[in-house]
Structures are given as structure tokens and as C-alpha cells.
Amino acid sequence: MRLTLKIWRQKNSETKGKIESYDIDEISPDMSFLEMLDVLNAKLINEDQEPVSFDHDCREGICGSCSLFINGRAHGPDRRITTCQLHMRKFKDGDTIYIEPFRAKAFPVIKDLVVDRSAFDRIQHAGGYISINTSGNTQDANATPVNKEDADAAFDAATCIGCGACVASCKNSSAMLFVGAKVSQYSLLPQGQTEASRRVINMVNQMDLEGFGNCSNTGACEVECPKGISLDNIARMNRELVKASFK
Amino acid sequence: MKNFITTSIGKKFAMALSAIFLMVFLLQHFLINITSVFSADIFNFLSHFMGTNPLVQFILQPILIAGVIFHFVMGFYLEFQNRKATKYEYHKVRGGANSTWMSRNMIWSGLVILSFLILHFIDFWFPEMNHKYVEFLPEDPNRYYDELVEKFESPVRVLFYCVSFVLLSLHLLHGFSSSLKSMGTNKTYVSTVKNLSNFYAIGIPAGFCFIAVFHLLSHL
Ligand code: HEM
Ligand code: SF4
Ligand code: FES
């Protein structure tokens, strides 16, 4: 395949970036999108040019580090996948592909396509944990019965990989789907109850502090989420916050 | 702890409450207006009651005005905050791939509704206030129907009203279910009321439009 790539290039967080155009040839439809970028980078290095920086790690859809806003959508066309799971067969020979970093004020660009998503870490630090000491005194799993529906919903919420596609797709750069998932994952389980109020209040406050936008319920996040996290988690977080604030 | 109302979720909750209040008011307003289509007497009776009842005039009316003002001021504020959170623009973005036009453009449909409301106040509310509380003209319980008919003699006004109602419909097609989600209703429930919400969002604005066109055509 022959492709024209329009890629966002930016030296560092201080400089202004711009879109640059690259022509690339001999791309196999079986390559993943990241492999295609590897080919481009090898070519750039051979030509003594600066390679394009982008985030990646597991390359199997579980770490959440690959990002990229491809042709106007987070993680490109296709649903329920991360960029590393996107294949070149989704594109046609001769296509022009826009590749941009995930955009949000709370996700500043570090370089080229790499953005700083540590705002998510700080939200997690604010309450996305349970402080039960399990080392050495692990309980039998069957000792605390959990309703099947709740266990399933908690597990679904826990599949969030913190990739930030929800923020990148939201017209308001809202992080509610991520935070909703992290709040739900614990609030549905008995182990999460002790810190339930503190957790939701602290995580929402941290989310607001980081400068993410409000939720307008457009639903773009749940469509683009690689893990299919549902909008229901936002509604659950809203309920949790009301409960915590008025008790 | 920050106050609930100052959190992003609290603000949305307040926004949803004001919106639900407005939707209840709109339904009530519609039920009164639709009577003008089949009976001038019933319409006059109801309007006279609403226009002279002290509870309606001095308690409900100020609450309504405050509700409308709160809703659009909060709408502008949220829009401003959201724009601040998305300082950078994409070169290419395909919003239609994952969300509806209505949901992404609440501020624009809202602005059309606001301009409609201003005209509506100039048309009906200011003359009404002037009549009752500035010039203290004597009350004629039968004046309301004639005042209504007179306004809808202008095709331009009727057209502008109807265009605004289309935008109101778009606002509500997203807004009705959105307000429920903002208040924490879970999705299974939202989908069961989806039909009701579509019925309301299309039916009420279409009904208002029908009333305006009806009076235009029947008094040509
Ligand atoms: C006066 C002019 C108006 C403006 C400027 C306006 C603006 C807005 C905006 C910007 C939103 C979206 C808020 C967000 O994204 O979080 C919104 C939501 C909404 N509006 Fe309006 N609006 C107006 C009038 C109305 C009227 C007259 C009604 C109903 C009769 C209404 C019903 C709703 C509903 C149901 C929502 C959804 C609330 C939610 O998402 O929680 N609006 N409005
Ligand atoms: S909710 Fe989905 S889109 Fe958002 S961070 Fe988690 S996995 Fe990514
Ligand atoms: S590289 Fe780990 S999810 Fe894509």
C-alpha cells in the first residue's frame, strides 16, 4: 500500500507544533498501525531525520499506552480496539491518514504524538484503591459473597486500561468515563465500601482540579472506548457523589 | 471537601434540575395553549386564571424566570468551561462517528431558543406586565384569545416561531434523556423512557407549531 501520512510534529511542550506530510510505500495490509509507524521511523532514521515519537508498550491492547487520534477518531476507525490492535487493512491504497496526539488541556503534548496522561495517575492516587492490607492475611475468596450482577458490572468497569480515548473523543475533554469506571469498580463491591464516600469525593475533586471538562452525555466516550466501558458508570458515579455529599 | 454544587457533577445536576423544571413548565404551557384551538372560552378562562392568581403571579412566575435565567447562564458557563478544557483543536475530527449533532450543539440550539424567548417576552410578557402592573388597565377576562390571534396574523412571526420549535425539539431530543443521566439514572431506565422522551421532544414543539399555524390559517 501507498499512503500519505499527515502527522503532528512538535519538538517539546514549549514549542508550537504543526502537521507535516510524509509519503510511505510498501505497507502490507497485515501490518498493525504501529508497525506502519515503525516502518516510517526506520525510513526517517535512514534519511537522518528525527523519527516520530509515539507511545506504545504491550502492543496487545492491555496496557493503554498507545494513543493516537487517527483520521478524526481516537484509536482510528473500528470499534473496541486500541491503536496497536488496528490493522492497515482498514485503510485503502492511496489513502491520506491524519495522525494527531490525544488532545485535552489536561493532556499536554510532550513530543510529537506523545501526551502526558499523568493527570489520570493523580486521580487514581486520590482514591482509586482500597487500603486493606492483604499481604500475608489473604481471605478466602468465598468468604465474602458478591451478587453476580454486581461482580460482573465491577469487572466490566475494572477492564478500563486508562488509555484516555474517552477524554480525546469528548468534545469537552471530560474524564468522566475513566473516573466513573474507577469509582464503579470499587463501589459495587463490599471491599470498596469502607472508603466509598471519601473515594468518590476525592477523585471527582482531583478530576476537576486537573482541568477536565464537564459531561454533556454525548456518549462519544463509550463508542470510542476500546474496552466498551458504558456511560452507566458515569451515572453511577453521579449517584455515588450525591450519596457521599449528602450523608 | 468542596461543596457538591461546585463540583463538575454538581453543576450538571443543577443544570438537569433546571431543565426538568423547564420541561414541566413547557408541558403546562402547552396544555393551556392547545385549548385555544378548540375553545376561545376555555383558553380565556385558563389564561385569566393564570394571569390573575396571586400564587401563580407572585410565586410561580418569579421561580420560572429565575429557572430560565439559571438554565441559560449555567449553559453558557458550562460551555465556557468546556471550551477551556479543550484548548487545542484537532485538524481532523469526525464527531458524527460517535455522537449525535444535537448532543454536540446544545449551545447553538439553546441560543436560538434564547432569541425566541426574547421575542416571546416582547410579544406577550412585556405587554402583559405593562397592562397589569404599570398602567393598571382594567382586567377583561376575554382579552387573551384576541391578543393571541392578533400575534399569529404575521406569517413571519409564525415562521420564526416554528423554526425555533424545531431547534427546541433538537435541544430536547438530546436534553430529556441527558438530564436523567446527569441525575444518575442508569441506562436501562433511560432506554425505557426513551420513547416517552422522544414523544415529548417531538410532540410538544410540534404541538406549539401547530397552534401558531392553526391561528395563522384560520384567521387569514
Ligand atoms: C434559554 C435558552 C437556552 C439555552 C441557552 C440552553 C442551553 C443549554 C445547554 C448549553 C445545555 C447543555 C448543558 C451541558 O452540555 O451540560 C442545555 C441542556 C438542556 N436544556 Fe437547555 N437551554 C435553553 C433553553 C431550554 C429550554 C426552554 C428547555 C426545556 C423546555 C431546555 C431543556 C434542556 C434540557 C432537558 C437539557 C439537558 C440537561 C442535562 O444534560 O442535564 N433548555 N441547555
Ligand atoms: S474508560 Fe475506556 S477510553 Fe476511557 S481510559 Fe478507560 S479504557 Fe480508555
Ligand atoms: S500498546 Fe498497550 S494497549 Fe496498545
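What share of the 220 residues of chain B count as buried? The share is 46%, where buried means under 20% relative accessible area, exposed over 50%, and partly exposed in between (1.4 Å probe, protein chains only). This is a predicted model, in which local features need pLDDT of at least 70 and side-chain atom pairs count only at pLDDT 80 or more, while totals for chains, interfaces and linings use all residues. Residues are numbered from 1 along each chain as its sequence is written, chains are lettered from A and ligands numbered from 1 in the order in which they are written, and side-chain values use heavy atoms, with hydrogens and water left out.

**The two chains**

Let us start with the overall build. Chain B holds nine helices and zero strands; helices (H or I, at least four residues) and strands (E, at least two) are DSSP runs, numbered from the N terminus. The C-alpha atoms of chain B fill a box of roughly 55 × 40 × 35 Å along the principal axes. Chain A has eight helices and seven strands, and its C-alpha trace spans about 60 × 35 × 35 Å along its principal axes. Of the 247 residues of chain A, 55% count as buried.

His71(B) sits in helix H3 and His171(B) in helix H7 (residues 155–182) of chain B, so the pair ties together parts that are 100 residues apart in sequence.

**A nonpolar patch on chain B**

A nonpolar patch of about 900 Å² has among its members Phe21(B), Leu55(B), Tyr133(B) and Phe136(B). Such patches join nonpolar side chains (Val, Leu, Ile, Met, Phe, Trp, Tyr) within 5 Å, from residues with over 30% relative accessible area and no salt bridge. H3(B) gives the largest share, five residues. Phe136(B) lies in the loop between H5 and helix H6 (143–151) of chain B, and is exposed at a relative accessible area of 60%.

Over all chains, 19 salt bridges are found, each a side-chain nitrogen of Lys or Arg within 4 Å of a carboxyl oxygen of Asp or Glu.

| Salt bridge | Closest N and O atoms |
|---|---|
| Asp78(A) and Lys90(A) | 3.5 Å |
| Glu195(A) and Arg199(A) | 3.6 Å |
| Lys243(A) and Glu240(A) | 3.3 Å |

Asp78(A) is partly exposed, with a relative accessible area of 35%, and Lys90(A) is partly exposed at 46%. Glu195(A) is buried at 7% relative accessibility, and Arg199(A) is buried at 3%.

Lys243(A) and Glu240(A) are three residues apart in helix H8 of chain A, separated by about one helical turn. Lys243(A) is exposed, with a relative accessible area of 54%, whereas Glu240(A) is buried at 11%. In H8(A), 11 of the 14 residues are buried, so this helix is largely enclosed by the rest of the structure.

How values were computed. Patches are made of residues with over 30% relative accessible area and no salt bridge: like charges are joined within 9 Å, nonpolar side chains (Val, Leu, Ile, Met, Phe, Trp, Tyr) within 5 Å. Accessible areas come from the Shrake-Rupley method with a 1.4 Å probe; for residues, only the protein chains shown count as cover.
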